[in-house]
Amino acid sequence: MSLDVPTALLERAERGEVDDADFIEVVRTSLPYAWEVVSRVADELHSGTGEFADNVVPPPDEAARGQLLRAMASDAIRAGLERHFGVKIAFQNCHRVAAFPLSAVGGETYTTFIGTRAQLLNQSPELRNC
């Protein structure tokens, strides 16, 4: 299970919609490493002058890698993080998470980052089993 959902929130979800704040809190507490990575790149994007900010540091262990992969593989989690941080998240390999301004989606830098060429160029033998 990737998220530790409190019983009260699970019961509310069974009865209907759950608000973003509650969902995001579950993500923050359940996937702290993924939260830290996305939070950091979003903060770097918002405080910097670059076209995007990205993480290039591998996770410290397999548990952290698993958290990051679960967050990036889930449409709901990823979209919730994007709404919360006000960014578009892009992902390559096992740990290269990037935050782009929403206005960059469809632009040259974003399109290049998410393209097949960039994915191929971001490969290396040590990442094959990540």
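Trainee: Why does Phe 100 count as buried?

Mentor: Phe 100 has 0% relative accessibility, and buried means under 20% relative accessible area (exposed is over 50%, partly exposed in between, with a 1.4 Å probe and protein chains only). So Phe 100 counts as buried. Keep in mind that this is a predicted model, where local features need pLDDT of at least 70, side-chain atom pairs count only at pLDDT 80 or more, and totals for chains, interfaces and linings use all residues. Residues are numbered from 1 along each chain as its sequence is written, and side-chain values use heavy atoms, leaving out hydrogens and water.

Trainee: And what makes Tyr 110 buried?

Mentor: Its relative accessibility is 9%, so Tyr 110 counts as buried.

Trainee: Why is the pair of Phe 100 and Phe 113 called edge-to-face?

Mentor: Rings of Phe, Tyr and Trp (its six-membered ring) pair if their centres lie within 6.5 Å; planes under 30 degrees apart are stacked, over 60 edge-to-face, and the rest tilted. Here the centres are 5.4 Å apart and the planes at 65°, so the pair is edge-to-face.

Trainee: What does that pair tie together?

Mentor: Phe 100 lies in strand E3 and Phe 113 in helix H6, so parts 13 residues apart in sequence are tied together. Helices (H or I, at least four residues) and strands (E, at least two) are DSSP runs, numbered from the N terminus.

Trainee: Which residues do ring pairs link into a cluster?

Mentor: Phe 52, Phe 100, Tyr 110 and Phe 113.
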